[in-house]
Amino acid sequence: MYSEKISRETDHSEFKHDSALNIDDLIDSACSRIAPLWPLKHFVAVNPFFGLIDHTFQDASDTLARVIGSSLYMPRSYYLEQLESGRITDQDIEQAIRACGSSKSQENVRHALYLPAPMPNMGMASVSEVLDRVEGGIWTRFVMERISLHCAAYFDLGQALFAYPWKGKTLYQSWLKAASIDNSAAMMGLAEFKKNVAKLTEAPRAAIAWAVSKLGIPEVAIERYLHASLLGIGGWASWARYLRWQAELKGGGDDSLIDLLAIRLVWDVLLFEEKKSAALIARWRDMLASSMRDPSEKRRASAELDRIMLNAMEIGFQRTIISGIRSPKDFEKEKIRPSVQAAFCIDVRSELFRRALETVAPSAKTVGFAGFFGIFIEYVPLGAKSGNSHVPVIFNPAYKIHEEVRGAKQAEEERRRRIRIALSKTWKIFKLSASSCFSFVESAGFLYVTKLLSDSFGWTRPVPDPLRQGLDKSTIERTGPSLSARSDFPASGIPEQDRVDHAERILRAMSMTGNFARLVLLAGHGSSTVNNPHATGLDCGACAGQTGEASARVVAALLNLPEVRSGLKSRGIAIPEDTWFIAGLHDTCTDELTLFEAESVPQSLSEDLAQLRQWLEQAGDLSRMQRATLLGLSGVTDRGVESDVRRRSRDWSEVRPEWGLAGNAAFIAAPRFRTAGLDLEGRAFLHEYDWREDREFKILELIMTAPMVVANWINMQYYGSVVDNQHFGSGNKVLHNIVGGAIGVLEGNGGDLRVGLPLQSLHDGRQWVHEPLRLSVFIEAPRGAIEDIIGRHEIVRNLVNNGWIHLFQVDSPSGEISKWHPGHRWEMSAVEDRISAFEAAA
Amino acid sequence: MTFSIDGLMPSCIVLVPFLSALLILLFSSGTKRQVARLSVGMSAITFFLSAASLILYMLDPQPRWLSSGGAWGSLYLDPLASVMAVAVAGISLVVHVYAVRYMAEEPGYARFYTLLDLMTGTILLMVAAGDLVTLLIAWQLIGVLLYFLLGHDLERPAAQRYAFWTFFTYRIGDLPLILAAALLYKAYGTFSLPVLFERIAESPDAYPVFGMPLPLAVGLLVALAAFARSAQFPLHTWLPYTMEGPTPVSALMHAGIVNAGGFIINRFAPVFIHAGSVLHLVFAVGLVTAVMGSILMLTQNDIKKSLGYSTMGQMGFMFVECGVGAFSLAIYHLIAHGLFKGTLFLGAGSMIGDARKQDGIPHDDVYTFVVERKPVTSRLPWMLAAVVTVVVPFLVLGLSRWLVGGNFVGQQGAIILLFFGWATGAQLLFATYRLRAENPWRMMIMIILSLIVVVAGYTLIEHAFDLFMYPDRTIREKIYAAASIPLSTFDPLVAVLTVTIVVGWLAAYYASASDKARSPDPSPARLALYSLISREFYAADVYAFFAQTVLALSRSMNVWSRWL
């Protein structure tokens, strides 16, 4: 709906301004700095600094400091705390000083830490902010609320039942119409507001150019000002950016972001024109002048200090990993057939479970792979006509897989489900519609006593599980994906000629080409929580915020087909007769693993299946115990931990059902034996990769351009939400208010749409649980291959050369670690690491 | 009515929450877990005591009056107090349990629980108050405590701002109630409520006030206090904006804070028997509020404000019921609503659960995303459906009332409520019609059957409740009589309303059936209306203006007073 609205800019004549500079380029550049925001329905992690990765990390921090006054580093007190608690050692600081190329000494650094940091400056403040300082009052909040209300109404996905009258127009044009009949500005004291709005141009780009000239912004500062304005309404800007992203995926475009910028700037100008006083003009000029000045010596020194401290923290973390993985590992191919193979998502929470499983079942072999298991599907639930995409957001699904009920007539089952859902929708209309809600309360209000009590004590869910709604228990057990096309949906399923190709591609990508166990488990993951607006954020990001079971089931079904197996054999992948693929779902909240279609497993494997179930249960216990401390349950018995964890998944008042990916800091692409036995504390993304099996390093390329980038997105989202929760996080979960149907959340009643993570996902009430560190990537592959991929892909190049991630190469079989430096290329990790590792362990 | 000093249990119901608050204050150095356990435990005790009290009352229907010995400071446990006490204690218990984890990381955990307990105790004091002074004290304390609860988060300026709006409005509402109490005392010489009501029944016209009979003046003042307390138009703005605060507080507000208006009117029922015109005013204000609340709810884009306006509409409806003389129904409504809304608030995060399941399953456009739809199903012919919609609910409702209540045709109030029920049933059937089911007849019949069951159930319950609350038939009749308007006005009104409703539904069906596309440029009238509604009738701006003025004034007064 929005993608068709590409406004055509032709007439700038009314609002020409003198310079010949191309404002369009500056506008586009500023817009590209904003990262998209996915709706709550499939909330995925996004790197909030995505638009800045062409800057180095330090430059990006400086830019943000000049634009909004906050940098990419934690406050001084945080680093001091880390130093005093021993998390940062003197050695770390020494190494960090060297790594940053600084001329300070260690004593300088320690001393400087105790001095107060320079006050953050205002950045490029908007007119409303300057006005607030001149005359007090709530101008910024007022403007923000007006814009936010307008955006919420315009983009509304279904909350408001009285439709927005100007939906057919672009965002900017509809704002012009709405503002020309809105009296609230007049009530705040802007008497000429409506008149001035009527005089504005209808073309957003022209409006922006006009605004910039009216405010007298110097040319070199224009882009920064535009960027600052966008960050001022960062939430809605991110939403508009998402719309553009979606439109581009389909081959179109969307200009709501430019419209939004125009609205913001026009507000500034209108405020400026009406409230023009000597004080305001003076302050405004002052703000512009100070923003033109380069950062002072003091600030530069402070930034350098911050940089050293961040590097020191990261070096401390890297040391623990390096000391663990850096040893010559026996590269012999395993001769023994593993008792079970289990493929999990690379999600950091899987690391905990995998370690637990390997502990209880030493003969098991676990593998890490992206949670959508390489199959690009859109999964259509029973009774629906279209479904959700289960692939990473940078891709489009290739196939439509329908859910079916085994051993039943599809049409009948679907009809039944549709009727049930339709009835519940009718009930809901009855409940909430404007005319009937009164009598609804009379007739059914009292029934809510039982619901109130049972939801309160966790016996029931506040709303039925969306995946299970409308189906009985016995039916649920028989539903599953259908690989073949359905008669009423000829374009569904995976065509037979494609199946073997996909199967081969997936197995090779997972480095599973031989030595198959009797049972191979493909485990997707999801999180069972209730009353959680960000529920999809806890589900699988690789599956676009859905749970991973659909993909796992499809791939397992695919690999069990006899014709696929014979096809694979002809291509060199021989799966033994007695091997069976089974799909499962790892619930990261309760650490339970549910198996699907266990009844289809051949009789001969029933013992293996029973054994697997037992191992999974034990692994679950172990994982829960490991997580117990962070959940505040230290010193509680096994049973106690289990029941508390289960309770958390059903308790509607629980604001932190699980810690999610808090603590993530590393990405390791290597065979499992490289990291086996290491306690990575659930902080690492583990991707299985064996470079010797990788023809032309295609899989390495895939890993570096997709999973590694996704891990960076997740890492940076956590980073941004900790470092600057005001701009890149979503504040206090307790105050979250869902807006626009399911677009996102507001904190409280008004204000900007919020992006990122709430404080409850990062902070336990006393201290930060997530350590803001940049991702440290360890890849076991030849240097040349890695360099080649860096050279060929811009995104990867930007990430590694600009300091957004730390890249390490693990040499095999020696296990020597080398760090990537742009320009210097590779630098071997010094010997003292090994010594310091022992010291640290002591 | 016999007076018996029977004692410990009823006073415990009120005292236990206060005791809990005191203990928390004393032991505030304890861990959060201890505070939570203490408070939840005491809350549970309060609930069980009030439930026990209600059961005892049902076994032995004698209202009890307990006095502390002085001129004031007494409790009066009649059916109204017993039922309200259970509802308040119940919702309070649920909120206590919810807040254990929900507020676990907020600063001021112990303070929050102290306030919750104090609030619960004060509300219970209000519902069980036996004399004017106790009632007034409790009434005003609720306003004060609410201010503290809403502004619990000391760091958020927005929370403080809206808490102030609430306090402001509540103080406007406290004044009439104080005046009413003063008038009553001056006229009848006693604070005690049962005695007061007896004397009013004996001599209602004894003491005119400015030419008005006393009950009329008192009734008007009480009604004004009720309007402010229950967010009636135009004193409603504070309600949706206070949803900004922590969710447990929003849920608790439905347990006797925002619906105290309905309670106070019921409490003063013997006064309203002689103040029929005030009841008409209450009806009018309630109707306007109900309509406004529903309209405003339709244009809200975020869930909490939407729920806030919905509550405003429901409170309006509660006043409509009072205004037509169905006092006990108003209490029934406010309790049912409290349960319903409380559940909705506490589970507001599940909205996303709702949004997740819009997976292209064809249905109505409420709460949906834009999905490609393939018309595969049929609908009933619109004329037929319209007739069914208009006739069936009317029949169902009429029949059930007749079976239960007998002479309902004589009660005007019942007829008006019948209209609401009719609109509801019609809405339900209309929604079914628009659903494009595969077997529309089957759908329609299923819905009608459910409607019959639901309506029958509710009529029975409502009738039983009425008998429970006002066992004395003459009082019930007198209330209805006070609320009714002359037949010569009523009959034409009913006729016009009937015709409007029938025509309205026919038009709606016609529009839906022809699926007329909306013209691209909305008319200026529609735009103006939209703008007005989306700005919430500028009430918030007016409030902001007044609030700023008051604060500025008090600041200047503060400065001047230093020179005195």
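Good morning. I begin with chain B, where 22 residues of domain 2 are in contact with 18 residues of domain 3 of chain B. The model under discussion is a predicted one. The domain assignment divides chain B into domain 1 (1-130), domain 2 (164-360), domain 3 (376-514) and domain 4 (524-561).

Between domain 2 and domain 3 of chain B, about 1700 Å² is buried, and carbon and sulfur atoms give 79% of that area. On the domain 2 side, B:I273, B:V324 and B:Y332 supply 33% of the area buried against domain 3 of chain B, more than any other three residues. How many salt bridges does the rule find across this interface of domain 2 and domain 3 of chain B? The rule finds zero.

Next, helix α14 of chain B, residues 303-323. Its 21 residues reach 30 Å from the first C-alpha to the last, close to the 30 Å expected at 1.5 Å a residue. Because 21 of the 21 residues of α14(B) are buried, the helix is largely enclosed by the rest of the structure. B:G325, which follows α14(B), has a positive phi, near 100°.

I turn now to chain A and strand β10, residues 666-670, which is mostly covered, with five of its five residues buried. In a regular strand, side chains alternate between the two faces of the sheet. For β10(A), one side carries A:A666, A:I668 and A:A670 and the other A:F667 and A:A669, all of them buried.

Strand β10(A) runs parallel to β11(A), residues 684-688, with five bridges joining them; here A:F667 has A:F685 as its bridge partner. Four bridges join β10(A) to β15(A), residues 775-779, also in parallel, and A:F667 stands opposite A:V777 in that strand. Thank you.

Technical notes:
Residues are numbered from 1 along each chain as its sequence is written. Chains are lettered from A and ligands numbered from 1 in the order in which they are written. This is a predicted model: local features need pLDDT of at least 70, side-chain atom pairs count only at pLDDT 80 or more; totals for chains, interfaces and linings use all residues. Side-chain values use heavy atoms; hydrogens and water are left out. Buried means under 20% relative accessible area, exposed over 50%, partly exposed in between (1.4 Å probe, protein chains only). Helices (H or I, at least four residues) and strands (E, at least two) are DSSP runs, numbered from the N terminus. Two strands pair if DSSP finds at least two bridges between them. The expected span of a helix is 1.5 Å times one less than its number of residues. Domain bounds come from an automatic or database domain assignment. Contact means heavy atoms within 4.5 Å. Buried area is the accessible area (1.4 Å probe) that two parts lose on being put together, summed over both. A salt bridge is a side-chain nitrogen of Lys or Arg within 4 Å of a carboxyl oxygen of Asp or Glu.
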